Each structure stands twice: as structure tokens, then as C-alpha cells.
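Subject: Structure handover

Hello,

Here is the structure you were waiting for. My notes follow below it.

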Amino acid sequence: MAEKRPTPPDVDRVAASRAAVAARRARAAVKTQIAHGKRSALEVLAVATESPEGIEGRLRVTEFLVSIPAIGVTKMHRIMEKLEISPSKRLGGLGKHQLARLQDFLTTRTTSRRGESAARLVVLAGPTAVGKGTVAAYIRQHYPDVHLSVSATTRAPRPGETEGVSYFFVDDAEFDRMVDAGELLEWATVHNAYRYGTPRGPVDEALSHGDSVLLEIDIQGARAVRRAMPEARLVFLLPPTWEELLRRLIGRDTESGAEQTRRLETAKLELAAQGEFDFRVVNHDVAEAAREVVDLLNLRKAPPLP
Ligand SMILES: Nc1nc2c(ncn2[C@@H]2O[C@H](COP(=O)(O)OP(=O)(O)O)[C@@H](O)[C@H]2O)c(=O)[nH]1
Ligand SMILES: Nc1ncnc2c1ncn2[C@@H]1O[C@H](COP(=O)(O)OP(=O)(O)O)[C@@H](O)[C@H]1O
């Protein structure tokens, strides 16, 4: 008797089940790569976010977490609860807040597991004209091992500023998009004028590679980072005296008289917030203040350039 030939629906079913087996194998391979430290969990998550329908995107969060060394099933359930993610979720189907929580969890875990010599996230904030930008620029020039975060801003470039080095200069629509996509670790409207925000990806990436990261941001931003990443060290830069702060603001000569008066009012409020910070550094001398900030970054290789 002639063998029964598969009918088209059978052919479809066979092809579908072969594809399902291949996809399962591919997902298992990704889990093995994570388990053996060949790929970082943060990197796999980044790929999943970019292609939700790809292999990484189709991984369930539960199986993703248990493939990370030292996370067993019990711990995984605790983490899922804490992050408020349901067990049926796949990496590619996470909401933006769930994704942000999972990224922050993984970054914190990577950093804290490296112990005392771990890469650090340090936030440098302080009142207007205290010298934050000057100290950050000194660090950029003399301590190339520090990853200095480049913010996005809606303000226009000033003469001498370079796209991607000073800031990423974006328009309002692009800034809205970055906020909606959860791409910013924090953002704020500064001096009642323009919006500034810290792109999350480069910070996560640098920390996951063991690099120390410095954010030079305003005080609202520092508070937001504290909420998102409690392990960050918050440093408050202080002027030697109030009179010196006035001298620096006026001497900089970048604001009108009215704007200077308004900024000084804000500066009083900002100085009152210094108690919320973990460390205070007085900016008497730029090189000295920079060294104190860098000391808090726990660099693996610390020597400054001459
Ligand atoms: N929250 C937040 N503040 C930022 C960020 N980037 C810069 N800032 C702050 O924005 C303020 C204005 O910066 P900028 O326009 O460069 O200089 P200024 O006008 O000379 O103070 C400073 O207080 C910075 O610390 C950021 O990503 N997030
Ligand atoms: N340690 C310092 N001693 C003297 N002047 C300083 C010092 N640090 C910064 N300045 C000057 O103070 C002014 C304000 O510094 P800036 O870096 O623009 O402040 P911020 O970024 O905090 O608003 C600039 O003119 C800068 O050259």
C-alpha cells in the first residue's frame, strides 16, 4: 500500500515544530553563554530590547535570571516580585519601567559583586558657578580612565562646544522620545530653561565593563540617580565661601545680571541640600578638588596624567 503523503497542513505543522525546536535550542545557547560568563546579562538584555522578536527577546525573564550565576529559582522569584514582573513575561515584552528596573538591578548587582574595588558611579553636583564643569573638564583631561557621561540637552551649543563631547544637542521632540523610550537614567529642567538628561545605555555599559563613571549633573538629577541607583556616591562641590561663589558667577560673565540674581537664589536652596550628599568636596583648587572626586571613583588604574 502506498505510504500516506503528508498533507499541506501536516507539512506546516512539521515545519513549525522544527522551527520551535531550533528556537528553543538557540535560547538554550544564549542561557549557556550567560551562565558561563561569555555574554553579560546586560548585553543580552540590550539585544532583546532592540529586537523583541529575536532569540534574546523571546527569552522569558525567569529563565534569563536563573541562567545568571548565583541566581537560583528561589532568588529568581524574589527578584521577579521585587521588580514587579510577572513570570510569563519575555525580555522583549517588558514595559519601559520594568525594563528600567531590571537594568538597574543588573547594574547594581554587577557593581556590588565586584566588592570594594568595584567600578563606581559618582555624581558630582553643587550650586551654580561652584566649578562643576571646570572640575569635570580637568578630570576628563587628566584621568582618561574615568568615563565621563555625556548628557543630552535641549539647549543650543555654545561656541567651542562639540556634539557628543560637551553634550548631545537634541530638539524637544527627540528629548521627548528619549524620555518615553526610557533611555534616560534621569532628566531635569535646569534653571527653569532647558532639559538635560543622562543617557542610560553608556552608563550601564561602562559599569558592566568595570569602568568608573562620573555624572556632572544638577541637584534634582542627583536625587533621581539616588532613587534609581542607591549604590551611587553623591558628591557635593562647595565653594570656599559664599563671596567666592559670587565672584565666580560674576567673573564667568555668561549670564545677565537678572539671571545671576535668580541663580544665586537657587544656589542658596541648593547649598541647603548638601546634607543629602554622601561626600562634600570644597573647590579651593581645581586639581585638588578633581583628585578628591577621583579618589571616590575607585579606579582600577588611578595615576593621573601629568
Ligand atoms: N539633571 C541633569 N542636569 C544636568 C545634566 N547635564 C548637565 N546638567 C546640569 O545643567 C546645568 C547647566 O549646564 P550648562 O548649560 O552646561 O552650564 P551653565 O549654564 O554654565 O550652568 C548644570 O548645573 C549641569 O550640572 C544632566 O544630564 N542631568
Ligand atoms: N577652584 C577654582 N578657583 C577659581 N576659579 C574657579 C575654580 N573652579 C572654577 N572656577 C571658575 O568659576 C567659574 C564657574 O565655573 P564653572 O565650572 O562654569 O561652574 P559650574 O559648572 O558649577 O556652573 C568659571 O569662570 C571657572 O573658571
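This is a predicted model: local features need pLDDT of at least 70, side-chain atom pairs count only at pLDDT 80 or more; totals for chains, interfaces and linings use all residues.

Residues are numbered from 1 along each chain as its sequence is written, and chains are lettered from A and ligands numbered from 1 in the order in which they are written.

Overall make-up

The protein chain has 12 helices and 9 strands; these are DSSP runs, numbered from the N terminus (helices: H or I, at least four residues; strands: E, at least two). Contacts are counted when two C-beta atoms, placed from the backbone, lie within 7 Å. Of the contacts between residues at least 6 apart in sequence, 68% join residues at least 24 apart.

The sheet and its helices

Five strands form an open sheet in the order S2-S7-S1-S8-S9, with parallel pairing; strands pair if DSSP finds at least two bridges between them. Its edges are strand S2 (147-148) and strand S9 (279-282), each of which pairs on one side only. Within the sheet, strand S1 (residues 121-125) and strand S8 (residues 233-238) are parallel and share 4 bridges, with Val122 opposite Arg233 in S8. Helix H9 (residues 219-228) packs on the sheet and touches S1, S7 and S8, at about 155 degrees to S1. Helix H8 (residues 200-208) lies across S1, S2 and strand S7 (213-216), at about 150 degrees to S7. Both angles are between N-to-C directions, on a scale from 0 to 180 degrees, with axes fitted to C-alpha atoms, for helices over the stretch in contact.

Strand S5 (residues 184-190) and strand S6 (residues 194-199) pair in the antiparallel sense over 6 bridges. Ala188 has Tyr196 in S6 as its bridge partner. The hairpin of S5 and S6 has 3 residues between the strands, and His191 there takes a positive phi near 50 degrees.

Nonpolar cores

A nonpolar core here is a set of buried Ala, Val, Leu, Ile, Met, Phe, Trp, Tyr and Cys residues joined through C-beta atoms within 7 Å. The largest has 43 residues, and those with the most contacts inside it include Leu124, Leu214, Val235, Leu237 and Val293. Apart from it lies another core of 18 residues, among them Leu45, Leu59, Ile68 and Leu99. Beyond its neighbours within four places in sequence, Leu124 is in contact with residues including Lys132, Val135, Leu214 and Val235.

Around ligand 2

Which residues come nearest to ligand 2? Of the 13 around it, they are Gly131, Lys132, Gly133, Thr134 and Arg248, a residue being near if its C-beta atom, placed from the backbone, lies within 6 Å. Helix H6 (132-142) and helix H10 (242-252) are the elements that give two or more residues to this shell. By class, the shell has 3 nonpolar, 6 polar and 4 charged residues; Ala, Val, Leu, Ile, Met, Phe, Trp, Tyr, Cys and Pro count as nonpolar, Asp, Glu, Lys and Arg as charged, and the others, Gly among them, as polar.

One loop residue

Pro157 is in the loop between strand S3 (152-153) and strand S4 (168-169). Pro157 counts as exposed because it has 12 C-beta neighbours inside 10 Å.

Regards

How values were computed: A residue is buried if 20 or more other C-beta atoms lie within 10 Å of its own, exposed if 12 or fewer, and partly exposed in between; C-beta atoms are placed from the backbone.
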